[in-house]
Amino acid sequence: MTNEEKLKLAQAAVDAVSSCPEFKEVAGKYIDAVGTHTEKEFAKYLVAEAQEDICSIDNTIEFMQTDMAKEIFGAETAKEKAEHAKAVKAAGGLYCDCPGCTAAKAIIDAKDELIK
């Protein structure tokens, strides 16, 4: 995996509106470490944070049906997001497909390349 590809993976986490602040912070630190002697160390932190933050499709469906989701997104948007998540699950998806979770999944899938 090239440094450019590594940077692109981490930048997707930074850019995703739905990435939590900790994921963005770790991704930013990894970006700074690419090409340095600390890259592997920060890659391990990045993968660990991605694994912690990725949301299963079942948890996404469950959350979008809560009062908290309705407060955050509004009742109609939460309902639409729940229906979308159900469609993702019906199509075989295991994880939320929001930009933050998509970035986390890409990092997890590339973990062997990032850490080696």
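Author: Helix 2 (residues 21–33) and helix 3 (residues 39–53) pack at an angle of about 160°, with their axes 9 Å apart. The model is predicted: local features need pLDDT of at least 70, side-chain atom pairs count only at pLDDT 80 or more, and totals for chains, interfaces and linings use all residues. Residues are numbered from 1 along each chain as its sequence is written, and side-chain values use heavy atoms, without hydrogens and water.

Reader: Why are helix 2 and helix 3 called roughly antiparallel?

Author: Angles under 35 degrees count as roughly parallel, over 145 as roughly antiparallel, 65 to 115 as roughly perpendicular and the rest as oblique. The angle here is about 160°, and helix 2 and helix 3 are therefore roughly antiparallel to each other.

Reader: What makes the contact of Glu39 and Lys6 a salt bridge?

Author: A salt bridge requires a side-chain nitrogen of Lys or Arg within 4 Å of a carboxyl oxygen of Asp or Glu. For Glu39 and Lys6 the N to O distance is 2.8 Å. Glu39 lies in helix 3 and Lys6 in helix 1 (residues 3–15), so the pair ties together parts that are 33 residues apart in sequence.

Reader: Why is Met68 counted as exposed?

Author: Buried means under 20% relative accessible area, exposed over 50%, and partly exposed in between (1.4 Å probe, protein chains only). Met68 has 52% relative accessibility and therefore counts as exposed.

Reader: How do you know that Asp58 is partly exposed?

Author: Its relative accessible area is 41%, so Asp58 is partly exposed. Asp58 also meets Lys89 in a salt bridge (2.5 Å, N to O).

Terms used: Axes fitted to C-alpha atoms, helices over the stretch in contact; angles between N-to-C directions. Helix = DSSP H or I, 4+ residues; strand = E, 2+ residues; numbered from the N terminus.
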